[in-house]
Every structure is written in structure tokens, then in C-alpha cells.
Amino acid sequence: FKELGMDDQQVAKTVARFPRLLSLSLERNVKPKVQAMRDRGFADAQLVSLLAGLPRLLGSRLDLLTHRMDVLAAQGLLTEQSLRNTITLTEAKFAARFESAA
């Protein structure tokens, strides 16, 4: 998280909001998700805001996260806020709202 630019207070707050973060593999869980978001245009400052505000995002499956980002991007809707709003939707609700529109 330090490499994204998080300070100690932000890291502590993020872990406090999502303690399971400490059990996730940095190499297998965290880094691939951060890279997937970077690959889709999220800057480090946006990632800090996103992860500090919604750290459980890192607990999402990588395939689910990338699929949702790709669907939103294809519709020109991929933003920090849209990802926050849609990552917690069930697969059925996400599909009904966004995939039927594609």
C-alpha cells in the first residue's frame, strides 16, 4: 500500500475496516487486483481513495472484479464511483443492470 502512496494512517484505517486484508496473499490476491485496476486506467491516487474507502474490494474474486470493470468500461461507465457502487451487487443484479444493456 505504501507503493500506492498510502501513509501509515491510511494503511491502519484500511486494515481496521477490513481485517481480513492481513490474511490475503500480497502476490496472489492484492497485487493482481491492483494491477488490473491500473491496467484499466486507475491512477495510484484513485486506488488509494478506492481501497481506503472500500478495502473489501481486495477480497473480491479477481475474475469478478475484472469482468465488472470490463463491462463498465465497454459502456463508458468505469469510474471510481461506479466500481464502488457495483462491486457489492450480486452477479444477477449486476447482469440485469449492465450486461443486458451491452
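Arg-40 is partly exposed, with a relative accessible area of 29%; partly exposed covers the range between buried (under 20% relative accessible area) and exposed (over 50%), using a 1.4 Å probe and protein chains only. The structure is a predicted model, in which local features need pLDDT of at least 70 and side-chain atom pairs count only at pLDDT 80 or more, while totals for chains, interfaces and linings use all residues. Residues are numbered from 1 along each chain as its sequence is written, and side-chain values use heavy atoms, leaving out hydrogens and water.

Arg-40 forms a salt bridge with Asp-70, and the closest N and O atoms of this pair are 2.7 Å apart. This pair links distant parts of the chain, 30 residues apart: Arg-40 sits in the loop between helix H2 (26-39) and helix H3 (44-53), and Asp-70 belongs to helix H4. Helices here are DSSP runs of H or I with at least four residues, numbered from the N terminus. Asp-70 is also partly exposed, at a relative accessible area of 40%. A salt bridge is counted when a side-chain nitrogen of Lys or Arg lies within 4 Å of a carboxyl oxygen of Asp or Glu. Side chains of opposite charge can pair when their charged atoms come close.

Across the whole structure, a search finds six salt bridges. One joins the side chains of Arg-38 and Asp-44, at 2.9 Å from N to O. Arg-38 is partly exposed at 27% relative accessible area, and Asp-44 is partly exposed with a value of 27%. Glu-80 and Arg-84 also meet through their side chains in a salt bridge, at 2.9 Å from N to O. These two residues are separated by about one helical turn, because they lie four residues apart in helix H5 (residues 80-86). Glu-80 counts as buried, since its relative accessibility is 18%, whereas Arg-84 is partly exposed at 21%. Elsewhere, a network of salt bridges links Arg-61, Asp-63 and Glu-91.

With a relative accessibility of 35%, Leu-62 counts as partly exposed. Leaving aside residues up to four places away in sequence, Leu-62 touches Pro-32, Lys-33 and Ala-36, where contact means heavy atoms within 4.5 Å. Leu-62 and Val-30 are 32 residues apart in sequence, and their C-alpha atoms are 9.4 Å apart in space.
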